[in-house]
Amino acid sequence: MDYRNHFDFIKNRNKFFGISSALLLIGLIVLVAFGLNYGVDFKAGTSLDINAGQTVTREQVDKTFDSLGLKPAVVSISGNNDHISARYDTILSEADVKKINEGMKTAFGDKVSQEVNTVSPDIARELGVKAMIAVAIASVAICIYVSIRFEWRFAIAAIIAILHDAFIVIAVFAICRFEVNLPFVAAVLTTIGYSINDKIVIFDRVRENLRFTRLKTSEDLSNMLSNSIWQTMARNINTVVVVLIAALCLFIFGSESIKLFALAKIIGLTSGAYSSICIASPLYYLLKNKSLSSKTRAAAVKE
């Protein structure tokens, strides 16, 4: 089927490059100026997981912390409204932890149990470094895989688009000042996984079409890529929509502790679908077109 009457993503590539560049530039400026809003996982602090042993309200919990003079930076209630998560940006002393435990028992009864997690500055830095290493290893592994299965042009286009998706998530969190924690890193890594899946679907169709298409001009290459995109459009949209529905349900109905993970997933999935069509494919066009132009010039010289 000929898709010439459909929207041409390749010919409009500069518009998409401009949109992505603008968003990434804004995110970079915010990152340089203000940095990320790190959660307790990436900075020194104390996290308390408290089982109240009964149903509690946010007002009761806030009132209890206020009466103790130890108000957390972040408080969330999950489970059957009986589980309290409190995060402090500072490391609490043993006396403060004991005071909170006694205050909670006074407010909600002797069934209250408390688990304490403290992150030191050294551990926070180590977690941050390991998170960056994890993203780097995942990106390199994907690049190697795509290079072996397809060709180096596909690999370069895919890795640039994947890094684009990861940074879009980071940029949105930086701009909106959402908290960055370990679940956020997990969301970025899973975003990379879903993103490469979308790109592999399109690149696989491109590889098939290359076998039956004789490319002589840039126009031939552009039409072949545009047709490949539209031939896989329904499959890509259906896959992304199904996962987006699951992520939206997590965001709407999930506990406070999982909402930011779900939000990062939603942003990453949307960016991954966009970059597969509007970034990765046009990038491959630019790389392949250079090779095509070189062959055309060589043939002209021989003649």
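**Reading helix pairs and a sheet**

Me: At what angle do helix α6 and helix α7 pack, and how far apart are their axes?

Reply: Two packed helices are described by the angle between their axes and the distance between the axes. In this predicted model, α6 (residues 182–212) and α7 (residues 218–253) pack at about 150°, with axes 9 Å apart. Angles over 145 degrees count as roughly antiparallel, so α6 is roughly antiparallel to α7. Their crossing is right-handed.

Me: Which residues in α6 meet which in α7?

Reply: An α-helix has 3.6 residues a turn, so residues three or four places apart point the same way. In α6, the contact residues include Y194, N197, D198, V201 and I202. Among their counterparts in α7 are L225, S228, I229 and T232. The residues of this contact divide into ten nonpolar, seven polar and three charged.

Me: In what order do the four strands of the sheet stand?

Reply: Strands of a sheet pair through backbone hydrogen bonds, either parallel or antiparallel. Here the order is β3-β4-β2-β5, in an open sheet with antiparallel pairing. β3 (74–78) and β5 (113–119) stand at the edges with a single partner strand each, so one side of each is left without a neighbour in the sheet. Neighbouring strands are turned by 15° against each other on average, direction ignored.

Me: How many bridges join β3 to β4?

Reply: Five bridges join them.

Me: Which strands does helix α2 touch?

Reply: Helix α2 (residues 58–68) packs on the sheet and touches β2, β3 and β4. Helix α3 (residues 94–108) lies across β2, β4 and β5.

Terms used
Residues are numbered from 1 along each chain as its sequence is written. This is a predicted model: local features need pLDDT of at least 70, side-chain atom pairs count only at pLDDT 80 or more; totals for chains, interfaces and linings use all residues. Side-chain values use heavy atoms; hydrogens and water are left out. Axes are lines fitted to C-alpha atoms, for helices over the stretch in contact, and angles run from 0 to 180 degrees between N-to-C directions. Helices (H or I, at least four residues) and strands (E, at least two) are DSSP runs, numbered from the N terminus. Angles under 35 degrees count as roughly parallel, over 145 as roughly antiparallel, 65 to 115 as roughly perpendicular and the rest as oblique. A crossing is left-handed if the near helix is turned anticlockwise from the far one by less than a right angle, and right-handed if clockwise. Contact means heavy atoms within 4.5 Å. Ala, Val, Leu, Ile, Met, Phe, Trp, Tyr, Cys and Pro count as nonpolar, Asp, Glu, Lys and Arg as charged, and the others, Gly among them, as polar. Two strands pair if DSSP finds at least two bridges between them.
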